[in-house]
Amino acid sequence: MRRVGIAATVVLALVLVTPIAITATGAFSRAEWYGQRSEGAGVETTSALFHYVLDLWSGALLRSVQVVVAVVPLALLLGAPAAWAFRRRPFPGSRLLESAALVPLAVPGVALAFSLIQTAGRAPRFALLVAGHLAYTLPLVVKSVTNAVETFDPCLERVARSLGAGPWETARRVTLPLLGPALVLSSLLVFAVSWGEFNVSFLLATPLLQTFPSALYLTYTTNSFPVAAAATLVFLLPVVPALIAIQLLGGEEFHRGLPT
Amino acid sequence: MNNRSASAAQSFTGVLLALPLLLFLTLAVVWPLAHLVAGAFSDTGWTALRQVLAAGRYRTALVNSLALSAAAAVCSVVLAAGPAWVLARERFRGRDLLRMAISLPLTFSGVLVGFLMVVLLGRIGAIPEALAWLTGRRMFAGAAYTVAGLFLAYLYFELPRAVMTLESAFRRFPRELDAAARTLGAGPLERLWRIGLPLAAPALRSTLAVTFSASMGSFGVALILSRRFTVAPLEIYTEMTGFLNDDVAGALALMLALTTLTVDRLLSVEKR
Amino acid sequence: MKVHVEDVSFAYGREPVVSGVSLDLPEGGITVVIGPSGSGKSTLLQLLCGLLHPAQGKILFDDEDVTGVPTERRDVGVVFQSYALFPHLSVRENIAFGLKTGRRRFSMRSSRRRPSRRHLEERVWDAAALLSLERLLDRRPAQLSGGEQQRVALARAVAPRPSLLLLDEPLSALDARLRRAVRTELAALLAKLGTTTFYVTHDQEEAMLLADHLVVLDHGRVVQAGPPLDLYRRPATPFVASFLGEANLVEIEARPAIATPGRVETPFGSLSLPEAKSRGWLLVRPEDFTDDPCGAMATVLDARGMGPHDRVVLQLEGGTELLAHFPPETAPEPGSKVRVGVRQRRPHFLNGGE
């Protein structure tokens, strides 16, 4: 029974990893078993291939970096204090607000992107893009921070106050250090989601504002297999370490909001 | 300071801390979605909604989305239950590596999954090529672009999600209950049926909700793989950018969001 | 049913938890196993009910080897420390659980059959009545207090009328006051049931109150087993002496008194200690001291009225500190000197020491 279970798990892992492995070999192989490299004579070697890809999509990469740099701190700033308040300083309507924050998880990205354009179409597109990403990353911050707040004893904050620490000092010396792991976990989750987000980005971004996943779409539909494979690896490069860190910090419970 | 004003002050701090979130959600989620609903009640919106709900391409897309997402959700939960249980309850060397491998696709955007499906089952995909080399006959070439390919792609990104959600639920399962059932004379199947499944039911339902919602919203996979078989997010995109038909796109988006939210709510409701 | 455990050992990985334990549970009696945490007592319980299997040794139920028999076929009832009530089932369904399981079909005891529906309801009702749970039958475990949950766990374990009842620190989750009340009820109930019982605890009073047969476990080994009062009066080792109640262990050289064989010179005069052979400890329980003009001279360091007795700390001339219980309101003033003797026939000598 146990052996069958483990074997089934191994099979599942293999099935999931094999396509990536094939793609990776594609990027590193010089064999032309997936047709011609149509991009010309300059991409004979692997390093030339990656140079070519980075060159081609440098704009999109930069855009993705900009979005991530804006989204991660904003999501923490908007989500974490509110999440703490939901558990420690509840107010009339806080339950409602908390569930409202989780709504985007059950709203298809295309639908939200469409309605955002309809209502705020005149706002700068970069702001819309960030807003779309925030809508899908805030639930993760709210969830992981409320979970963390629930697991530490509220007495600790009261003890700090009784020892003469003011609200700010308590936040800085007790609450924030205790929430530290949850905040790191949230940042990683927000990063992973934002880096791979496609559903909202593709509709919200104007051609000049394309993020890297949209560039992947273009690559998949226009470039040859080695170029597409190399671009895929470039996409995965920052995400895999983040994922490993998430696993180590125990973030399995929050995968609900990761992109599709 | 008396109790009431103390609690009033506490509430006030709470409101202050949650205010940025409240503002953001109002502007970027509630207001746009409300606008989407209101749009359906305008003259043109109403016509578009009826057009979407009438038999035809749009309704087919909605039904396709619903059927495909439901099938992928159910299949992924069924297939994920075993591995999730193994990861949660068994100890063996390499378990963390396995978990890592299984969770890897969680970060892939839909387009990437679509591309992987093309790599496997495209016109010159790895599987048809391998089969041709093995058997001399080329099989399944271009299967990625059929309904089956789309379904497999959905399954590909739902399986890790289902495994991870179920695993964390299974890990909270009290081992002692199983032991208690054994001391009362229950055999393995009896324990699964009378203890395991009833206790896992909430986790199974919420995992169904998670995978279903994710499938309903998935856009990238269909963008890469869909040929004749269309799904709702794809139609919204086409109507919006291709035909600049905002009313139909709006009506479709409304129906898609409503269906997803309803199913999600139904599955997440705690039974007493 | 009588249970015989023969040279049973068990290890988690390389860590031995139970090493070479042999014991007999008398039929219909209550065997209490007591030991500090980590002594292997819960592991022993799990070995008896088959949730763990010994690496070595045999377990016999009525001369039948059950070492390899899985838990579900062993005809046991277990009360877990955390109660392990099924949260999704009502109290009624929890109690009925063991009456409906497949055990009846392939039980080792062929006389047991799956009860009919009416019979089943009767059995549930009987178990509930036994523990005064009649009015809680439709509640869920989450809606019960700790004491009520404990009673449901017990009712669930006894409802199938198992041949062996195992209880793993069943009172440890209750607060002190409740524990004392439940302890007495439990003693009466177990006596009424008359089932062979194996009871794990770390509480000395609980052990003394419940045990017909007491087993002291330390580091996975049986240190001593026997009637509880015997163990209290005649412990085999200083560990048993101080684990069961408060003990004064006065280290002395056993020099036989010349005129009277069997008597030994002690700071408290010459005492009859036929077991004394060499150097060792004289065990004096706090309640065994008497006022004795010929006794040892001691200084009163501290005295405090406890209600039932006065608690007095004494210091002998050599510096040895003693704890003594004096009758209420008879304690001397701190700082004063007293002469104390030891009640005849009570003291016990433990051979050993450096």
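How many helices and strands are there in chain C? Chain C holds nine helices and 19 strands. The model described here is predicted.

**Chain C**

The C-alpha trace of chain C spans about 75 × 45 × 35 Å along its principal axes. Chain C has 354 residues, of which 40% count as buried. When contacts between residues at least 6 apart in sequence are considered, 65% of those in chain C join residues at least 24 apart.

One part of chain C is an open sheet of three strands, arranged in the order S11-S14-S19 with antiparallel pairing. Strands S11 (248-253) and S19 (348-351) of chain C are the edge strands, each pairing on one side only. From one strand to the next, the twist averages 30°. Strand S14 of chain C, residues 279-284, pairs with S19(C) in the antiparallel sense over four bridges. Within this region, Gly280(C) stands opposite Asn351(C), a residue of S19(C).

**Relations between the chains**

Two pairs of chains are in contact, and chains A and B share the most contacts. Chains A and C, by contrast, do not touch, and their nearest C-alpha atoms are 16 Å apart.

Chain B does meet chain C: 15 residues of chain B are in contact with 18 residues of chain C. On the side of chain B that touches chain C, helix H8 (175-183) and helix H9 (188-217) of chain B each supply at least two residues. The most is given by H8(B), with six residues. The composition of this side of chain B is set out below.

| Residue class, side of chain B that touches chain C | Number of residues |
|---|---|
| Nonpolar | nine residues |
| Polar | three residues |

**Helix H6 of chain A**

Helix H6 of chain A covers residues 125-151. Is H6(A) mostly covered or mostly uncovered? H6(A) is mostly covered, with 21 of its 27 residues buried.

The length of H6(A) can be checked against expectation. At 1.5 Å a residue, the 27 residues of H6(A) should span 39 Å, and the end C-alpha atoms are 39 Å apart, so the two values agree. H6(A) also carries a kink of about 35° at Tyr136(A). The kink lies shortly before the proline Pro139(A).

Key. Residues numbered from 1 in each chain as written. Chains lettered and ligands numbered in written order. Predicted model: local features only at pLDDT ≥ 70, side-chain atom pairs only at ≥ 80, totals over all residues. Expected span 1.5 Å × (residues − 1). Bend = angle between axes of the 7 residues up to and from the residue. Buried ≥ 20, exposed ≤ 12 C-beta atoms within 10 Å, placed from the backbone. Contact = placed C-beta atoms within 7 Å. Nonpolar A, V, L, I, M, F, W, Y, C, P; charged D, E, K, R; others polar. Pairing = 2+ DSSP bridges. Axes fitted to C-alpha atoms, helices over the stretch in contact; angles between N-to-C directions.
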